[in-house]
Amino acid sequence: SGLTGQVVRLQGSTNAALGSVINRGNTNAGSLGLQMTDARWLALSNLTFRGGYVGVSVTNSSDLSLAVRAWSNASDGVLIGRSTNIALSRASSVANQGRGFSLISSTNLLLEHALAWSNAGSAVYLNASQIKVTNSILTAHASGRYIYESATTNDTVRADYNNVLITAPAQAALLGSRVHRFLINLQNEAGVDVRSLSHAPDFADAAAGDFHLKSTVGRWVPGL
């Protein structure tokens with residue numbers, strides 16, 4: 001861990017497409033790609049964790065910046081418990097058999113410029129937690145799955161300026177005990193993602209894990 005205001009940085013390769021890849025090679029329960037407990041003032045980037053039960057597990061930690069990837073794990077991509085002040089900026093959770101991002105008894109979490117794509121569970125799950133979500137792409141595509149799934153009435157979701165993709169029979173959100181079926185329902189009934197949209201992001205090759213935009217100019221321009 002670092003000290004207050006003195007961040008320890010751990011950076012993987014900046015040359016490889018997925019950064020440095022750590023393949024756990026064990027999907028049994030309890031097998032973690034990365035486990036952080038009682039961690040403080042750390043910043044991780046350009047690291048991919050795959051092939052475990054959970055990709056990234058954070059417990060009893062605070063003041064972390066996690067620009068990490070959790071891909072193809074047997075349960076949740078990222079699991080955060082009893083932690084606070086965690087920034088998941090440019091993090092991605094892809095093709096996990098559980099939820100994209102699971103938050104339990106955690107507060108002041110930020111998910112920005114992030115991606116939850118093709119996970120079997122909900123994109124974001126909260127249990128007694130608080131999160132802000134912005135400028136991210138979130139998907140849900142199976143029955144009983146949601147973009148935001150809240151287990152208690154004590155959960156808080158503040159979200160806006162996202163791209164929210166819902167494939168039936170998945171639904172937009174379960175907040176407390178209330179289901180919001182479509183994005184428009186979530187906006188009108190809960191005041192969440194009011195300025196968000198729902199459009200195919202037109203990635204270069206999502207099936208192959210290339211989530212760059214097809215546009216050659218770095219932003220959406222028809223035909224480029």
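**Stop one: a buried serine**

Select Ser122 to begin: with a relative accessible area of 1%, Ser122 is buried (buried is under 20% relative accessible area, exposed over 50%, partly exposed in between, using a 1.4 Å probe and protein chains only). Bear in mind that this is a predicted model, where local features need pLDDT of at least 70, side-chain atom pairs count only at pLDDT 80 or more, and totals for chains, interfaces and linings use all residues. Residues are numbered from 1 along each chain as its sequence is written, and side-chain values use heavy atoms, with hydrogens and water left out.

You'll find Ser122 in the loop between strand 12 (115-117) and strand 13 (124-127). Helices (H or I, at least four residues) and strands (E, at least two) are DSSP runs, numbered from the N terminus.

Now show the neighbours. Leaving aside residues up to four places away in sequence, Ser122 touches Arg99, Gly100, Arg145, Tyr146 and Glu149 (contact means heavy atoms within 4.5 Å). With Glu149 there is also a side-chain to side-chain polar contact of 2.7 Å. That term means a pair of N or O atoms within 3.5 Å; within protein, one must be able to donate a hydrogen and the other to accept it, and residues adjacent in sequence count only if both atoms are side-chain atoms.

Next, switch to cartoon and pick out the open sheet of 8 strands, in the order 3-5-7-10-13-16-19-20 with mixed pairing. Strand 3 and strand 20 are the edges, each pairing on one side only. From one strand to the next, the twist averages 10°. Two strands pair if DSSP finds at least two bridges between them.

Select strand 5 (residues 54-59): 6 of its 6 residues are buried. Strand 3 (residues 32-37) runs parallel to strand 5, joined by 5 bridges, and Leu32 has Val54 as its bridge partner. Strand 5 also pairs in the parallel sense with strand 7 (residues 78-81), over 4 bridges; here, Val56 partners Val78.

Carry on from strand 7 to strand 10 (residues 101-104): these run parallel too, with 4 bridges. Look for Ile80 opposite Leu103.

Then bring in helix 1, which packs on the sheet and touches strand 16 (146-150), strand 19 (171-175) and strand 20. The direction of helix 1 makes about 130° with that of strand 20; axes are lines fitted to C-alpha atoms, for helices over the stretch in contact, and angles run from 0 to 180 degrees between N-to-C directions.

**Stop three: salt bridges**

How many salt bridges does the count come to? There are 2, where a salt bridge is a side-chain nitrogen of Lys or Arg within 4 Å of a carboxyl oxygen of Asp or Glu.

Select Arg195 and Asp160, whose closest N and O atoms are 2.7 Å apart in a salt bridge. The two are 35 residues apart: Arg195 is in the loop between helix 1 (183-190) and strand 21 (203-205), and Asp160 is in strand 17 (residues 156-160). Arg195 is exposed at 51% relative accessible area, whereas Asp160 is buried at 12%.

Finish with Glu189 and Arg178, a salt bridge with closest N and O atoms 3.7 Å apart. Glu189 sits in helix 1 and Arg178 in strand 20 (residues 178-180), 11 residues apart. Glu189 counts as partly exposed at 37% relative accessibility, and Arg178 counts as partly exposed at 46%.
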